[in-house]
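Trainee: I would like to go through the terms used for this model. Can we test each label against its cut-off?

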Amino acid sequence: MSDIQLLPATLNFLQRDHGQFINGEACPTSGTERIVVINPATEQSIGSVASATADQINTAVNAARQCFRSVWADFNPYARGLLLNRLADLIEANGEELAQLETLESGKNIVLSRLFVARQSALCLRYFAGWTTKISGQTLPSCFPSMQGEQYSAMTRREPVGVVAAIIPWNFSVMIACWKLAAALACGCTVVLKPSEFTPLALLRLVELIQEAGFPDGAVNLVNGAGDTGRQLIEHPSISKVSFTGSVATGHKVNLTAAARMTRCTLELGGKNTAALLKDADIDRAVGGLLQTGYIHQGQVCAAPERVLVHSSRLTELTDKLGAALAATPMGSPLNENMFFGPLSNRPHYDKVCHYLTIASRESRILSGGERQEGPGYYIKPAIVQAFSGTETLMQEETFGPILSFMAYEEEDELLDLINNTPFGLGTSLWTNNLSATMRMIPKIESGTVWVNMHTMVDPAVPFGGVKQSGMGREFGSAAIDEYTELKSVILCY
Ligand code: NAD
């Protein structure tokens with residue numbers, strides 16, 4: 001019942017000097033400032049990385065541009081797929097090391113890190129490996145009249161957009177980077193990654209694996225730094241697309257910076273996602289589902305349900321059963337395989353969640369949990385909050401923490417109003433076996449995804465993204481191929 005042993009490979013990696021990864025090489029020492037990486041479970045430093053200088057950002061984008069122009073855009077599509085599959089193999093083979101690094105820097109439970117770093121990342125890479133040979137345009141009948149016997153034919157081609165700036169948050173660094181890398185590389189784009197300043201380490205190991213897989217130098221580069229590094233990257237004239245995942249506030253800034261250069265931009269932002277339990281909901285199933293999706297990784301999941309709307313006849317049954325389940329679920333070191341809850345991922349975020357708990361105690365009612373744990377580490381007990389109006393702060397603002405707010409409703413129309421009455425629209429779940437109500441409600445829900453009797457699960461074959469303030473554009477499926485390719489029209493006369 002204690003922490004797992006760290007691999008020698010993990011310990012060696014932590015000992016090394018880290019910085020950027022540019023044109024197939026690690027550039028560890030240059031850079032004036034260093035970012036200290038803190039283990040949120042112990043509040044101890046586990047290493048540091050050099051912040052990229054303006055010169056290094058420029059060199060990284062130029063390397064990506066050179067690789068795009070001279071090698072990658074024309075690389076045989078089948079061979080591109082083979083490389084993506086080889087990277088998936090390497091991620092699986094080195095999955096424990098990657099998972100340990102992600103757990104150490106983010107506080108994610110090691111069992112979850114293994115699942116999301118190795119299995120989900122590899123799944124996404126393999127899915128997009130299959131796309132490389134299937135990216136195609138159309139042949140189109142021409143409308144031009146023939147004046148002197150000439151004929152016309154037209155077609156479209158899907159061509160890679162160019163160099164992609166991929167900006168990554170701290171909650172699932174390797175997996176979210178792989179979502180972007182898989183689709184961008186499959187289309188023939190090259191990439192400059194910018195990890196979160198809180199979680200640079202696992203991604204630095206990932207880019208080494210990309211090199212080992214045999215991708216050409218410059219296909220994937222990485223620059224470290226905080227928001228200003230991201231801004232400089234987006235402002236570079238050779239960036240053709242920004243793929244950003246992060247908060248709404250940063251998303252607004254990113255969108256403005258990209259728009260100033262007319263750069264394409266995909267924004268995967270925050271949410272205030274609803275789980276709606278209809279009168280007939282299976283409460284035991286919903287309790288398991290909320291535990292697994294609402295509180296997993298301490299609620300630091302963009303699509304996690306934060307608001308639970310329950311038919312009034314079932315509210316007490318749900319909160320009582322969930323409260324008992326939470327009380328029986330262990331919290332402790334994320335390196336202990338028997339723990340479920342761990343620390344919040346970093347100090348600023350811990351402070352933000354504490355702030356929302358103070359608001360909850362004032363505006364709403366905390367039914368259980370929410371206590372801060374004494375000692376090192378950013379631990380907060382998972383909380384159940386009862387809300388009495390859809391306008392309370394906890395029903396409107398994303399906490400991104402282990403706090404679910406529960407509110408009763410009576411009628412379907414009232415439920416739909418409550419679901420839609422937020423500035424966000426990422427994901428909503430309906431918990432019911434009432435097919436008529438489900439099919440009636442789905443078109444009326446303002447949300448990028450609607451799940452039924454499940455929540456949060458994302459599938460690389462199914463487009464994922466938000467409406468309203470939750471963003472624009474989609475990851476996954478053919479929608480992602482459209483995001484990373486430009487349509488070129490060709491008209492021939494013969
Ligand atoms: P954040 O917005 O603080 O940071 C995200 C990234 O943007 C970091 O790499 C950061 O350094 C960079 N950045 C900051 N300022 C920038 C600027 N001006 N220009 C360019 N880059 C800049 O988000 P976070 O706290 O790391 O992540 C949590 C948020 O991400 C939550 O709101 C969560 O809902 C959201 N999220 C969304 C999805 C999704 O798919 N919709 C997935 C995961 C997380």
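This is a predicted model: local features need pLDDT of at least 70, side-chain atom pairs count only at pLDDT 80 or more; totals for chains, interfaces and linings use all residues.

Trainee: What makes D89 and R126 a salt bridge?

Mentor: The term needs a side-chain nitrogen of Lys or Arg within 4 Å of a carboxyl oxygen of Asp or Glu. Here N to O is 3.0 Å, so the pair qualifies. D89 lies in helix α3 and R126 in helix α5, so the bridge ties together parts 37 residues apart in sequence.

Trainee: Why is D89 called partly exposed?

Mentor: Buried means under 20% relative accessible area, exposed over 50%, and partly exposed in between (1.4 Å probe, protein chains only). D89 has 41%, so it is partly exposed.

Trainee: Why does D284 count as exposed?

Mentor: Its relative accessibility is 51%, so it passes the exposed cut-off. D284 also forms a salt bridge with K321, at 3.0 Å.

Trainee: Which residues make the nonpolar surface patch?

Mentor: L435, M439, I442 and V452 make it, with about 360 Å². Patch residues have over 30% relative accessible area and no salt bridge; nonpolar side chains (Val, Leu, Ile, Met, Phe, Trp, Tyr) are joined within 5 Å, like charges within 9 Å. M439 has 54%, so it clears the area cut-off.

Key:
Residues are numbered from 1 along each chain as its sequence is written. Side-chain values use heavy atoms; hydrogens and water are left out. Accessible areas come from the Shrake-Rupley method with a 1.4 Å probe; for residues, only the protein chains shown count as cover. Helices (H or I, at least four residues) and strands (E, at least two) are DSSP runs, numbered from the N terminus.
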